[in-house]
Amino acid sequence: MRISLEWLNEYINVSREEVLERLPKLGFDIDDNGPVFPVTGPIVVGRIEKVEKHPKAEKLVVCNVNIGNEHRTILTADTSVEAGKYVYVALEGSKLANGVEIQRREMRGIISEGMLCSLEELGLAEKSEHVYMTDEELPIGEDVIKLLKLSDWYFEMEITPNRPDCLSYFGTVRELSAGLKRTPKFPVPAVKCDGNDKVEVIIESDGCWRYTARVIRNVKVGPSPLWLQKRLIASGLRPINNIVDITNYVMLETGHPVHAFDLKKLNGKIVVRDAQPGEKMLLLDGKTYEFAGGEVLITDGEKLLALGGIMGGEESGISDSTTDVLLEVAMFDPVRIRRTSRRLGVSSDSSYRFERGVDFDDAHFVIERLSELIQQLADGTPSSEIVDVFKKKIEQRTIFVPKHLPKKVLGIEIKHIGEYIEPLGFEVEELKDGYNVYVPSFRYFDVSIPEDIMEEVGRIHGYDNLHSEPPRMLAIERGRSEKQKIRYEIKQLMTSMGFNEANTLSFTSSKLIEKLEIRGKGLPVSNPIISDFDTMRPSILYGLLESLSYNYKRQIKDVKLFEVGKVFALHDGKPYEQEALAFVATGRESDNDYTDKRTITFYTFKGILDEIFIRFGVEVSYEKASINGFVPTRCAFIKLGTEEIGFIGMLEPDIADKLYDVKDEIYVAEVYVEKLYDAAKVQKTYKSIPQFPYIRRDVSYLIPVGLEISGILEIYKSNPLVEEVGIDDIYRQVGEGQYSVTVYAKFRHSERTLSDEEVDIALEDIKKQIKEKYGVNPRF
């Protein structure tokens, strides 16, 4: 927001130094400041007494100019100058807005003792064709910089998104009046109305909450007066004509964007509706936009007039031939305006304000202020009828603030919070134990809780004046929670096994999920910052695989990464999240040991998972899985009872190469850790060390290719004498279609020493069950 010091002083008496000091302390940084019009004197008012042709140059004229205490001879190429006109004269030593320094110059034998200025050369117009001349009687010899107030100073304020009220002079003045404890002077519109012309207003769109309109007849479109143009230029806007300039002036003054239509181009009414897909419209920026559907449109029931809250249409705008106008002061849904602005890629001063939220209750003041200025500067006649239609009414917000809150939040004792916040527009009603604070309509989108009121009190009191002291807190609990302890233990365990912890984004791309769907579609993001982050991740593995790829492509071939974080999904149409542990690896098992040539395998990952489950006393099983994108014979679901809690697998080499540019095998695993948290809550029971020895038996079985060995191990486990069972060896060169698996078992009785005969009987029973159920015989 660019503001003018001269304009500010219309409402409050303030100096440049006070603005530079006070606004940053109130929370508004000033990014830049400087002179609005970079001109220096001497520049004075003069009157042309005589004009003659240059005797040696057809394109030059010689002017005799009265500057008060003397007459100067000044040459100019503008042959339209006339005697008797008042002009602005730049004398020797002055500097103009375009950087030109004025010196005495000889031009074809005649010395020019200055320069007749155009508005462009004074910084008051973008382009001027002629010297500025006027018939208005001006004080000859008067300093033009003082006369036109060209010593104005500008400030570029940084306005945070939650303070749209300060995108206006009124908002800035309120802040300064509270900070400097001065009383501001706001204008009170006075309008002389005639007639009762009006238009019908129909609101069909939920994106328009309020629409206020007024007809003004017999306007005269032309240039704005110099003071108005000067203020717009100082605030960063370009003057166009008096009607458009007045709408911009009132927007800057109040912060509420407004619009003016040429009434003759309307069909007698205003209909606010949603756009239909495929509709197109030519806007004031000269571009045609096609709508996707749902944008708020201002129409007359037939023609499209404006894109609501963003920009007017080219075909309904003000022109030099306009005589009657319709003023619009509307209130739009900020979310709808922001969505439309981003979708179409069109932004304006209006959309910038509407998408942040404007005053919902100032429509009558704004339209009266517009009418007053149009009546004064364009000779318009406002109708006595103001049409005001609501689609949604917003009630004033009331917040109760306890009297102890300032001390609790800010550490200060205050007599009455009203002395701090009433200058900001708040109304305060004191009660026995607190205050009812009535939030002004222009702060509706910003202030909603008592702490917001405390922020206002703190700003006006001055953060520099707050006493600093360390907070005092009672140590009710110490250290980590149980869940945090387990999470920390998991991370320590993964680190001890050579993995590095990663922290990846919770977003991923829906296009990537279509190519590699690991654990569902995830949770779509309705308004993503960028298209590659349009989905909340259904699996942590997406981010870890990207990190692995990033390292691999930079010659780091041995990569082991893990992460504990949230994954997201839709369950019964509602968002759902849960915590998971995921890890990925490629390359060697021990990259720092040159004697260890082993590479990461499926069983490396299974061993890591088994270590975690044993640590937390969780008994799981592995079940063969078929997941798209993973090698079928190296992929398994992890089950706790009948519930699936994760999976382990090897990425298809083709996908690893094409998606991640990795030529080596990539193994991944992901486990939902809530079950580990639950298991850790179970009280562990003490089990004494066995007093009696175990007897071990190893048996080699000829296993057909494709048979899952887990079933055989389950038969072993069902025998009450078997304490432990596992795989001791696998030998594959025993014939086509089968291989040899050596299973070991430890037999033990808790109350006595087992005999060999008892163990032999138990083992024979196990072999019999295996043969009956699977048709598998011992090798020897």
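**Close-up views of a predicted model**

**View 1. Helix 6 meets helix 9.** Helix 6 (residues 242–254) and helix 9 (residues 363–378) pack with their axes 10 Å apart and at an angle of about 145°. Here axes are lines fitted to C-alpha atoms over the stretch in contact, and angles run from 0 to 180 degrees between N-to-C directions; helices are DSSP runs (H or I, at least four residues), numbered from the N terminus. This is a predicted model, in which local features need pLDDT of at least 70 and side-chain atom pairs count only at pLDDT 80 or more, while totals for chains, interfaces and linings use all residues. Residues are numbered from 1 along each chain as its sequence is written, and side-chain values use heavy atoms, leaving out hydrogens and water.

**View 2. The largest nonpolar core.** Such a core is a set of buried Ala, Val, Leu, Ile, Met, Phe, Trp, Tyr and Cys residues joined through side-chain atoms within 4.5 Å, where buried means under 20% relative accessible area (1.4 Å probe, protein chains only). Of its 70 residues, Val19, Ile243, Ile417, Ile421 and Ile453 touch the most other members. Helix 9 gives the largest share of this core, seven residues.

**View 3. Around Ile453.** Neighbours within four places in sequence aside, isoleucine 453 is in contact with Ile399, Val401, Ile417, Ile421, Phe426, Val437 and Val447.

**View 4. Buried residues of helix 15.** Within helix 15, the buried residues include Leu541, Tyr542, Leu545 and Tyr552.

Conventions:
Helix = DSSP H or I, 4+ residues; strand = E, 2+ residues; numbered from the N terminus. Buried < 20%, exposed > 50% of the residue type's maximum accessible area, 1.4 Å probe, protein only. Contact = heavy atoms within 4.5 Å.
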